[in-house]
Amino acid sequence: MSAVLALGAGACGSSKKSGGGDEVTIGFMGDLTGENSGLVIPPKQGAQLAVDQYNATNPKVKIKFKAYDSQGKPEQATTLVQGAIKNDKIAGLIGPAFSGESQAVNPILNEAKIPSITPSATNVTLADKGWSFWHRVVANDTVQSAGAGLFISDALQAKKVFTVDDNQDYGKGLATGIKTAVSAKGAQVQSDSVDDKATDYSSTVNKINQFKPDAVYFGGYYSVAGRLFKQLRESGFKGKLMSGDGSVAAGLIEAQGQQNTKDTFLSCGCLIDPEGKSNDKAKTFAADYKAKFGADVAIYSTEGYDAATAFIEAIKAGKTSAEDINSFLKTESFQGVGKEIKFDDKGELAAHDIFIYQVSGNKIGLLGKAGEAKPTS
């Protein structure tokens, strides 16, 4: 790692001449072609929209937007970030999208003094590393667990809860947080872990059916959640199914099948509002996004847009070097599409909103904030 850090340290991002004006390169990193790419393409598109809208105003300093496909793999992400710093001279990075790759990449970015804003990495420990160039525009897993736990205990009235995780940093943290939250409300809890590379979860399914919980909460990504939930339904399980932000994707329904989605709920620190019902900015954003990409806003589309906007506001203020941009982010405050964008001294988002969604047919519908949401069936 020391050799990698040395590589980054002398390669701080900066603006450069491009055609008739200055140009700053902002990167985006995440799984764009892997099995969980459904969680990452939307924020990438959200960020692209923000950059394209900014560049269309013909500003003095334009932004070059460059995507890096890590496929969610930490080892791939570390290789890519070295090239981004040394060769592309990025002045900032949106991402990495997942918590595991963030754990690997951010020490390199911090050493190189390159600011990053992740739209979706929620592991709580990311804020405790002492990285002064790291930020996120989504609530962490502790906040999400508290909100989801409140919904499970109060709205779903679950007295027995079974938590499952994929044995990865993000999934384990979220499932553990749910266990803590519902236990504090008096629920009985049992837990298990599954192999995210496996396809047969019969051992876990049997444990769940023996326990007979009112609700099962899965911590991990939609590719595994879909397989687990499908096998649970096929085994005859009739209780409620729930997962976190890593499962808020159409791929969950595709894997689980619409016939198996009844009573499936999802929690997320992200706002997904394709009809723009929550506020005027969300309505404009949803319309612009659909016009550009031919699709409704999806998970983290809003957060990708807001993360890019945070960088754009810095550049509009005349901050074009990586360190100057980072200094600007420390005091920045603006109303984003989904929530107020303001960072605390650890880079955490000040807003703590958690939203609950319910799958119905082939749609993932917004129920509202965790303390107010009620199931529709």
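## Helix α2

The expected span of a helix is 1.5 Å times one less than its number of residues, where helices (H or I, at least four residues) and strands (E, at least two) are DSSP runs numbered from the N terminus. Helix α2 (residues 41-55) has 15 residues, and the 21 Å from its first C-alpha to its last is close to the 21 Å expected at 1.5 Å a residue. The buried residues of α2, where buried means under 20% relative accessible area with a 1.4 Å probe and protein chains only, include Pro-42, Pro-43, Leu-49, Val-51 and Tyr-54.

## Basis of the model

This is a predicted model, in which local features need pLDDT of at least 70 and side-chain atom pairs count only at pLDDT 80 or more, while totals for chains, interfaces and linings use all residues. Residues are numbered from 1 along each chain as its sequence is written, and side-chain values use heavy atoms, with hydrogens and water left out.

## Aromatic rings

Rings of Phe, Tyr and Trp (its six-membered ring) pair if their centres lie within 6.5 Å, and planes under 30 degrees apart count as stacked, over 60 as edge-to-face and the rest as tilted. By this rule there are 9 aromatic pairs. One of them is the tilted pair of Phe-28 and Phe-65, with 6.5 Å from centre to centre and 55° between the planes. This pair links distant parts of the chain, since Phe-28 lies in strand β2 (residues 21-30) and Phe-65 in strand β3 (residues 61-69), 37 residues apart. Phe-28 counts as buried because its relative accessibility is 0%, and Phe-65 counts as buried because its relative accessibility is 15%.

Elsewhere, ring pairs join Phe-285, Tyr-289, Phe-293 and Tyr-305 into a cluster.

## The largest pocket

A pocket is found on a 1 Å grid over the protein atoms alone, as an open set of points where a 1.4 Å probe fits, with protein on both sides within 12 Å along at least five of seven lines, and its lining residues have an atom within 4 Å of a point. The largest pocket holds about 860 Å³ of space. It is lined by 33 residues, of which Ile-272, Pro-274, Asp-296, Val-297 and Ile-364 are the closest to its centre.

At least two lining residues of the largest pocket come from each of α2, α9 (250-256) and β15 (363-369), and β15 gives the most, with 4 residues.

How values were computed. Buried means under 20% relative accessible area, exposed over 50%, partly exposed in between (1.4 Å probe, protein chains only). Grid points are joined across faces, edges and corners, and a volume is the space filled by probe spheres set on the points.
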